Amino acid sequence: MSVPTELHYTADHEWIALDGELATVGITAFAGEALGDVVYVDLPAVGTAISTGDACGEIESTKSVSDLFAPVDGEVVELNEAVVADPGLLNTDPYQAGWLLRVKVTGPTKLLDAAAYEALIGGE
Amino acid sequence: MAPRPRCLTEGASRLMSLTRATPLAAEHQQLGASFTDFAGWTMPVRYTSDIAEHNAVRTTAGLFDLSHMGELEVVGACAARALDHSLVGTPSKIGLGRARYSMLCAEDGGVIDDLVVYRLADDHFLIVANASNTAVVRDELKQRIAGYETELRDTTDDWALIAVQGPVSAQIVAPLTYTDLTDLKYYEITETKLANSNVLLARTGYTGEDGFEIYCRPADASQIWAELLRVGTPYGLKPCGLACRDTLRLEAGMPLYGNELSRELTPFEAGLGRVVAFGKEEDFVGREALARRRDEGAQRVLVGLTSSARRSPRSGYAVLDPATGREVGTVTSGAPSPTLGHPIAMAYVEGIYQEPGTRLQVDIRGTHDDVVVVPLPFYRRQES
């Protein structure tokens, strides 16, 4: 399973694309495969302040429910309505159409690079 | 709030030497399966998509590797009587080549495991146990049959088990065997050849569909699997993992040991009191406690719940009386139903709440969603 090199990651299997103070957040293909078919996504409303490591949403598959953890400190500025309407995008296109949130980052970030994340998931 | 996994990789795992692989491990790898550790076995959890695999079983057919299931054989002149004593049912009344769903209960009536018992000969029974309980069932049965002229063999390692489940199962299996499948009725088993290998072919399953379970020698498993895929793929047959097996059995209202059945519950709570044969000649383990439970009635009973909300009740969530907010039960299994398109769940609730149509709530991670009691099963196949 390939891990895009241009992205940042967390140990909770989220990916983060940083563009200045704007972060786009999603879950990795590895997470999508572990969860199975995602059927429901619950995301924080635009304007919500989130802080690193706190549960800020839920991802439910046929098999289980997992928390979505805030990967950075910041304020939610945009949601991907397409993924709320069609959560299967998290399985089929996790790094593009399956993005979840855009966050205005307000604090220092502590993220993994692709090599560190790949090592974490066992280099699959 | 119910406990839940901290990280998104719940369910994921890599092949580990601590767990056992089935004879079909290489086939699963080649098909790109995701694996999970289940009762000490490395099992395919899915190949592509849980929902696609689930739908294949409902509309065409699915192919399962169930080689983790435990096989125990009871052989000897007194095998039938020994099993009448050991189990809550009456294996001595099972006809040759037939199967019966039964249970092994403790002295206090608690369920040790639920089982399928096949009668292969007058003096030869095959008992199929849940993988997680095989060792316990074996040890318990060994003790219980000790006074009888019979012998128990754990033949789990001698059998691979492949299931074909779904409405077109018979069309897939038929060309691979000379047995006329119209003669093999639901819950029957026959010794035959399939894909040139000696097998036990049973018309049983755990999905709510027509289907077959094929007990074969481990060395023959790869060839049988390949032949079933070859014949079945044009019909829409898909290899299926354990994830969809769980949603299939839930829709069919079938209990899963560890969820709906446990040592703390008798068959009566689960609505399965009919499996207890009080009328049989042989005295049996658990009779007294089970008779008491039958006469007193169960405190909590198993019901079906459905909801029109998006989130599903899950195992362990509290069931509430909406009028008072009081906890009146616990969810044992729940998932978004792929066939019905809404959440379904099974739960134990206090007896006064068991009537279909009763409105209840489930505490879904802090919010109270409305649910309604419905009769089980949620899904019943159309008889062809």
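Modeller: Two residues touch, or are in contact, when heavy atoms of one lie within 4.5 Å of heavy atoms of the other. This is a predicted model, in which local features need pLDDT of at least 70 and side-chain atom pairs count only at pLDDT 80 or more, while totals for chains, interfaces and linings use all residues. Residues are numbered from 1 along each chain as its sequence is written, chains are lettered from A and ligands numbered from 1 in the order in which they are written, and side-chain values use heavy atoms, with hydrogens and water left out.

Biologist: Is E260(B) buried or exposed?

Modeller: E260(B) is found in the loop between α7 and α8 (287–296) of chain B, where helices (H or I, at least four residues) and strands (E, at least two) are DSSP runs numbered from the N terminus. Leaving out residues up to four places away in sequence, E260(B) touches several residues of chain B, including M254(B), L265(B), L302(B) and Y348(B). On a scale where under 20% relative accessible area is buried, over 50% exposed and anything in between partly exposed (1.4 Å probe, protein chains only), its value of 0% makes E260(B) buried.

Biologist: With which side chain does that of E260(B) make a polar contact of 2.7 Å?

Modeller: A polar contact is a pair of N or O atoms within 3.5 Å; within protein, one must be able to donate a hydrogen and the other to accept it, and residues adjacent in sequence count only if both atoms are side-chain atoms. The side chains of E260(B) and R249(B) are joined by such a contact of 3.0 Å. The polar contact of 2.7 Å is with the side chain of T332(B).

Biologist: How much area is buried between chain A and chain B?

Modeller: On the chain A side 28 residues are in contact with 26 residues of chain B, and D37(A), T62(A) and K63(A) supply 22% of the area that chain A buries there, more than any other three residues. Buried area is the accessible area (1.4 Å probe) that two parts lose on being put together, summed over both. Carbon and sulfur atoms give 49% of this area, which is about 2,500 Å².

Biologist: Which element gives the most to the side of chain A that touches chain B?

Modeller: Across this interface the rule finds 14 residue pairs in polar contact, both residues at pLDDT 80 or more. At least two residues each come from α1 (29–35), β4 (38–42), β6 (55–61) and β7 (65–69) of chain A. With five residues, the element that gives the most is α1(A).

Biologist: Is K63(A) buried, partly exposed or exposed?

Modeller: K63(A) is found in the loop between β6 and β7 of chain A, and UniProt places the feature "modified residue: N6-lipoyllysine" (unreviewed entry) there, although such annotations may be inferred rather than shown by experiment. Apart from neighbours within four places in sequence, K63(A) is in contact with L35(A), V45(B), R46(B), A243(B) and R314(B). At 35% relative accessibility, K63(A) counts as partly exposed.
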